[in-house]
Amino acid sequence: MSYCYCKTCQLAAGAPVYLGALFARHAVSWQGATTAYRSSPLGLRHFCPVCGSTLFYECTDGSQRLEITVATLEQPEQRPPDCHEWTDSAIPWFHLDDALPRYAQGGPD
């Protein structure tokens, strides 16, 4: 699980930072339809077609990964964040004071 500060995630979250939990595509299932938007060449953002809530980011780079918006998880407290990604894009006045690793351009491999 990571905090992402890239501009695309900021726009999708409507906030200075996006918090997502990465899963293998085969490990995730959901009920109902989603509405998808290609937010970058690397992925699709899925939204609830009824309320517009951001649900998850689907990687289309061949990695077969989904990054689920933490606020939509039933028990988000069970998995704490482990890093900050794309911190070079962070809004200067927004800062989370913790000891987690920070990656200026991307995240851990």
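**Entry 1: aspartate 61**

I started at aspartate 61, which sits in the loop between strand 5 (54–59) and strand 6. I am working from a predicted model. I then looked for a residue from another part of the sequence. Proline 41 is 20 residues from aspartate 61 along the chain, and I read 8.3 Å between their C-alpha atoms.

**Entry 2: the hairpin around it**

Strand 5 and strand 6 make a hairpin, with five residues between them. In the turn I checked glycine 62 and noted a positive phi of about 90 degrees. How many bridges pair strand 5 with strand 6? I counted three, in the antiparallel sense.

**Entry 3: strand 6 and its other partner**

I stayed with strand 6, residues 65–69. Four of its five residues are buried, so I logged the strand as mostly covered. Strand 6 also pairs with strand 2, antiparallel, through five bridges. Which residue of strand 6 is the bridge partner of alanine 21? I found isoleucine 68.

**Entry 4: on to strand 1**

From strand 2 (residues 18–24) I moved to strand 1 (residues 2–4). These two run antiparallel and share three bridges. Here I noted cysteine 4 opposite tyrosine 18 of strand 2.

**Entry 5: the whole chain**

I listed one helix and seven strands. Their order along the sequence reads β-α-β-β-β-β-β-β. The C-alpha atoms fill a box of roughly 40 × 30 × 25 Å along the principal axes. Why do I call the radius of gyration of 14 Å in agreement with a compact globule? Because a compact globule of 109 residues would come out near 13 Å.

Of the 109 residues, 32% count as buried. Among contacts with a separation of 6 or more, 44% join residues 24 or more positions apart.

**Entry 6: surface and charge**

I noted 7 positive and 11 negative side chains. The centres of the two sets are 7 Å apart.

Terms used:
Residues are numbered from 1 along each chain as its sequence is written. This is a predicted model: local features need pLDDT of at least 70, side-chain atom pairs count only at pLDDT 80 or more; totals for chains, interfaces and linings use all residues. Side-chain values use heavy atoms; hydrogens and water are left out. The radius of gyration is taken over C-alpha atoms; the globule rule is 2.2 Å times the number of residues to the power 0.38. Buried means under 20% relative accessible area, exposed over 50%, partly exposed in between (1.4 Å probe, protein chains only). Contact means heavy atoms within 4.5 Å. Lys and Arg count as positive and Asp and Glu as negative; His and the chain ends are not counted. The place of a charge is taken as NZ of Lys, CZ of Arg, CG of Asp or CD of Glu. Two strands pair if DSSP finds at least two bridges between them.
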